[in-house]
Each structure stands twice: as C-alpha cells, then as structure tokens.
Amino acid sequence: MTGKKEGTGAKLPRKAYERELLRLQGELVKLQEWVRAEGARLVVVFEGRDAAGKGGTIKRVAEHLNPRVARIAALPTPTERQRTQWYFQRYVAHLPAAGEIVLFDRSWYNRAGVEHVMGFCTPEEHRLFLRQCPLFERMLVEDGILLRKYWFSVSDAVQQERFRRRLEDPLRRWKLSPMDLESVTRWEAYSRAKDEMLVHTDITEAPWYLVESDDKRRARLNMIAHLLTTVPYHDVPPPRLRLPERPPSTGYERPPRDLQTYVPDHSASL
C-alpha cells in the first residue's frame, strides 16, 4: 500500500462538516447522472472493522441518489445452497448493469475477514479465495466495471467506545451482535487477517484505499471526496422540463371523508 497514515487532529466541527457534505453530495448526484448517461457500471466496496463507520458513510453516499440507479447490497448469511456454490457466485448476481451504481456494505471480502478469523471457512477455502480474488476483480475491471475498494480503519479504543454507546442506546443496540463483541477479543487476529488480505488483493487494477475513521465526519468527507476524484465524470445537463398548467375542473367531487379511514392525528397531541 502507498500513502502514510496522518493524524486527524481535532474533531471536525459540525457546521463545516455539514456544509462540505452537502457540496459533496451534490457532486455525487452529478456522478450518478453521468453513470446513467454514459451507461457506466460503478461498484464501491466498503470494508473494515466493526463500528468503523461503514454504514454511516454508505448512508451519506446514497442519501440523495436515485435508488433505481444507486443501490446498496448488504447480503445476509449464505443459505445452505449458496454454501455449495462457487464462492463469488452470489455476489455476481448483485453486480450493476449499465447505468447503475452498487454500494457493497461488506462484500466477498467476508471470506478474508470474519469467515477466516471465526472459522466459518476452512484454511483451504481461505487460501483459494486469496488466489482467486485478484483474478475475479481483474475480470470485473477488464469488462469495464469501475471498481473502488475502501477499508475503514478504527483504533481499538474508539471501537470499544462505540460498542459501549450502542449497548446503552436502545435505538442502536440492533447494530451490536455477538459477532461484533467477539471481534474485541480477536482484535489481533483480525489485524493479521487484514494484513494478509491486503498483501494478496491490493492490485494495480483494483487497489485498496484506507480510510482513517476515528473521526466519522472526516472519514465520510475523505472517502466521498476521494471517490469523486477517481471517476472521470462530468456534469450532464438535465432535460428541460416545464410544469404544465392545471386544466380546468370537469366536475369531479371528492367522496365524503367519513367513507374512508384516515391515520389518527397523533401530531395534534404534541
């Protein structure tokens, strides 16, 4: 890997963060329209430690995009049938067609991380993955897919604090699974697995980009800004639209309200 780890300094102020995020999201909309107009296919892989901020970043990337163009692929645990397939097979089904963007919230790299560390795959399956993955990704790139891979890195102290906050917050407790807690005791095993993964899969055609994410605001802005620099998009003029005049009434009358069931006005009690 190239590039040096740099200190993030003080936490980015919220106003500066929100102002720049909105600007970058505007550029993402331009990127989306370019992808659609050019028939491009863009795949963005989000990987990293548990509680490293992948989900929040994906949410900000997709927030203002058309879900018919940009979709999130967050695959569940494979079925028994899928376990007997070629490992990459179920991921291939989620790759984009022309004019589409797919954001992988974790991806085929599960085999290099959690499956390997937790013993959900055999050592032979892990070694086969490390051999096949560069070949698989070269095939994607050779076929014209724009493949971008981001690894979100978080320190053990910050991860521990985020886990603690999730445990105490009923609105976010669902984000914390027994597998997440297991990662605390296997920190070094996950570190070794990541290092081995990078050695084998950080290829010229599809390099890894590491995102320092102890400060989630900085991580989101840095990742989105970098993605935009890697795609040769340009502003696509929107079609000229004109709001038509409403035609005169032809005598339609709305049915009496008491014939239909309305949602109670909960807001009136506030």
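Predicted model: local features only at pLDDT ≥ 70, side-chain atom pairs only at ≥ 80, totals over all residues.

1. Residues are numbered from 1 along each chain as its sequence is written, and side-chain values use heavy atoms, with hydrogens and water left out.

2. The structure contains 21 salt bridges (a side-chain nitrogen of Lys or Arg within 4 Å of a carboxyl oxygen of Asp or Glu). Among them is the contact between glutamate 80 and arginine 83, at 3.5 Å from N to O. These two are 3 residues apart in helix H3 (residues 80-83), about one helical turn; helices here are DSSP runs of H or I, at least four residues, numbered from the N terminus.

3. Glutamate 80 is exposed at 61% relative accessible area, while arginine 83 is partly exposed at 47% (buried is under 20%, exposed over 50%, partly exposed in between, with a 1.4 Å probe and protein chains only).

4. Helix H9 (residues 187-201) holds glutamate 188 and arginine 192, 4 residues apart, or about one turn. Their side chains form a salt bridge at 3.4 Å, N to O. Glutamate 188 is exposed at 52%, and arginine 192 is exposed at 56%.

5. Do have a look at arginine 111 and glutamate 115, whose closest N and O atoms are 2.8 Å apart in a salt bridge. Arginine 111 is buried at 13%, and glutamate 115 is buried at 11%.

6. Finally, Glu161, Arg164, Arg165 and Glu168 are joined in a network of salt bridges.
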